[in-house]
Amino acid sequence: MGGKGNKGVYRLRIGSWNVGTLTGKSIELAKILQKRRVNIACVLETRWVGSSARDAHEYKLWNSGTQKGKNGVGILVDRELRESVVEVRRANDRLMIIKLVVGQCTLNVASAYAPHAGLDEEAKRRFREELYEIMCQVPPAEKLFIGGDFNGHIGSTAGGYDEVHGGFNFGERNGGGTSLLDFAKAFGLVIANSRFSKTEEHLVTFQNAVAKT
């Protein structure tokens, strides 16, 4: 991203992580991100209350949470880029977005944590509408990255979604995964996590004696 040729060009590493809780983990998490040279990280299920901004080792963390011990999202930005953040918008404890101006590029990074499959359809509908509203506020000339946990499985093959699914993933597609693929297709996005191969241990998020997903 940046200007023409190599002038003003920046190479960024952006990722997401469902941390379960940030309590007692923020410094440890920042050190891991630094070791892996991740510039910007969306974190989900932080379980922190409040709309705060704080230093975390070599990163700055913006958090959005409304209820202690439940949900919560955040975005960490490394020390080289944290002064480039020009806007922070917190929708609720499942969705927030920051805007950075890096060189000649304006980048919007959203941290999104979708409702679980067991929650009612009204909660899911509100989340989709809020995400759609945030996306509509991003001008066409600006770049958008959405990092998060959408609580769905897109399946191990593209299966009709070649333009958004890179062909690498795990397991069988479910309803949540289909919704995510449809959403990405409608807005001209790609699911970056499906564009490169990973070991099975990095794909499986739950496992017991009879199943793994």
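1. Ground rules. In this predicted model, local features need pLDDT of at least 70 and side-chain atom pairs pLDDT 80 or more, while totals for chains, interfaces and linings use all residues. Residues are numbered from 1 along each chain as its sequence is written, and side-chain values use heavy atoms, without hydrogens and water.

2. Helix H2. Helices (H or I, at least four residues) and strands (E, at least two) are DSSP runs, numbered from the N terminus.

3. The buried side of H2. Ala123, Lys124, Phe127, Leu131, Ile134 and Met135 are buried (under 20% relative accessible area; exposed is over 50%, partly exposed in between; 1.4 Å probe, protein chains only). They lie on the same side of H2, because their arc around the axis is only 105° (taken from the directions from the helix axis to the C-beta atoms). The buried residues pack against strands E6 (85–92), E7 (95–102), E8 (105–113) and E9 (143–149), and against helix H3 (175–186) (contact: heavy atoms within 4.5 Å).

4. Cysteines. The disulfide count is zero (a pair of cysteine sulfur atoms within 2.5 Å). Cysteine 42 is buried at 0% relative accessibility. Cysteine 105 is buried at 7%.

5. Positive phi. Arginine 47 is not a glycine, yet its phi is about 60°. This arginine sits in the loop between E2 (40–44) and E3 (53–56). Arginine 47 is partly exposed at 33%. Histidine 57 also has a positive phi, near 60°. Histidine 57 lies in the loop between E3 and E4 (59–64), and is partly exposed at 35%.
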